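Biologist: I would like to learn how to read a structure residue by residue. Could we take one feature at a time?

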Amino acid sequence: MRVVKIVMFGLAVMLLQMVVLARLNFLGIAPDLILVSVIAFAVVSPKMPANLFSASLAFAQDLLSTGLYLNTVIKVIFNNAVLAVKDGYLGDEYALTAGLVALFSPLQLIASGAVYYFFLGHEFSLPAFIFRLFIFTLYNLMLVPLIFPLIRELSRDG
């Protein structure tokens with residue numbers, strides 16, 4: 001039953017990300033519900049389910065969007081970084097999730113921006129990029145209180 005709930009959650013996250021949150025953007029900046037979900041799931045779940053969750057959700061995101069498989073690579077790396085950090089962390093899981101979302105949101109934009117700039121020749125504007133980093137991180141942090149309790153309940157359900 002837990003697997004069915006996780007799959008349904010993943011489908012709901014994909015639907016919200018691709019349909020709803022894509023329309024709720026601010027100057028073209030939309031939050032990344034999948035990133036927040038991957039980080040929260042990695043904080044509260046064991047290694048193998050967290051890896052499967054992050055890889056499948058990010059791969060589906062790539063299939064339905066750009067097709068560069070950049071999301072898959074970035075989110076699987078972030079997932080494994082979260083798994084490594086949580087082993088030595090003794091504090092609250094919610095605080096860890098919020099802190100890692102605040103850390104990995106800008107890192108995701110920097111990594112994807114570097115790929116688009118260096119390999120695909122997109123233009124770069126430092127003030128616009130800094131503004132995008134700030135808004136994107138703020139958006140993602142606003143999703144943490146909504147997503148973390150859901151994922152914690154999914155992980156507790158046996």
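Biologist: Where is the place of Ala40?

Modeller: The model here is a predicted one. In it, Ala40 sits in helix H2.

Biologist: With which residues is Ala40 in contact, leaving aside its neighbours within four places in sequence?

Modeller: Leaving those neighbours aside, Ala40 is in contact with Thr97, Phe148 and Ile151.

Biologist: Next, the nonpolar core. How many residues has the largest one?

Modeller: The largest nonpolar core has 34 residues. Phe9, Ile39, Val82, Leu100 and Ile151 are those with the most contacts inside it. The elements giving two or more residues to this core are H1, H2, H3 (47–64), H4, H5 (93–118) and H6 (126–156).

Biologist: Which element gives the largest share of this core?

Modeller: H2 does, with eleven residues. There is also a second, separate core of seven residues, and Ile29, Leu109, Phe129 and Ile135 are included in it.

Biologist: What does Phe9 touch, if neighbours within four places in sequence are left aside?

Modeller: With those neighbours left aside, Phe9 is in contact with Ser37, Phe53, Ile147, Leu150, Ile151 and Leu154.

Biologist: How do I describe two helices that pack together? At what angle do H1 and H3 pack?

Modeller: Give the angle, the distance between the axes and the hand of the crossing. H1 and H3 pack at an angle of about 35°, and their axes are 11 Å apart. The crossing of H1 past H3 is right-handed.

Biologist: Which residues in H1 meet which residues in H3?

Modeller: From H1 come Ile6, Phe9, Gly10, Val13, Met14, Gln17 and Met18, and from H3 come Phe53, Leu57, Ala60, Gln61 and Leu64. Sorted by class, this contact of H1 with H3 has nine nonpolar residues, three polar and no charged ones.

Biologist: Now charged side chains. How many salt bridges does the structure hold?

Modeller: Side chains of opposite charge can pair when their charged atoms come close. This structure holds one salt bridge. It joins the side chains of Asp32 and Lys75, at 3.0 Å from N to O. The pair links distant parts of the chain, 43 residues apart: Asp32 is in the loop between H1 (2–20) and H2 (33–44), while Lys75 is in H4 (residues 70–87). Asp32 and Lys75 are both buried.

Biologist: That loop between H1 and H2 has other residues. Where is Leu27 found, and what is its phi?

Modeller: Most residues other than glycine have a negative phi. Leu27, found in the loop between H1 and H2, has a phi near 55°, which is a positive value in a residue other than glycine. Leu27 counts as exposed because its relative accessibility is 66%.

Biologist: What does Asn25 touch, not counting residues up to four places away in sequence?

Modeller: Asn25 touches Ala30 and Tyr139 on that count. Asn25 also lies in the loop between H1 and H2, and it is partly exposed, with a relative accessible area of 36%. From Asn25 to Ser155 is 30 Å in space, C-alpha to C-alpha, and 130 residues in sequence.

Terms used:
Residues are numbered from 1 along each chain as its sequence is written. This is a predicted model: local features need pLDDT of at least 70, side-chain atom pairs count only at pLDDT 80 or more; totals for chains, interfaces and linings use all residues. Side-chain values use heavy atoms; hydrogens and water are left out. A salt bridge is a side-chain nitrogen of Lys or Arg within 4 Å of a carboxyl oxygen of Asp or Glu. Helices (H or I, at least four residues) and strands (E, at least two) are DSSP runs, numbered from the N terminus. Buried means under 20% relative accessible area, exposed over 50%, partly exposed in between (1.4 Å probe, protein chains only). A nonpolar core is a set of buried Ala, Val, Leu, Ile, Met, Phe, Trp, Tyr and Cys residues joined through side-chain atoms within 4.5 Å. Contact means heavy atoms within 4.5 Å. Axes are lines fitted to C-alpha atoms, for helices over the stretch in contact, and angles run from 0 to 180 degrees between N-to-C directions. A crossing is left-handed if the near helix is turned anticlockwise from the far one by less than a right angle, and right-handed if clockwise. Ala, Val, Leu, Ile, Met, Phe, Trp, Tyr, Cys and Pro count as nonpolar, Asp, Glu, Lys and Arg as charged, and the others, Gly among them, as polar.
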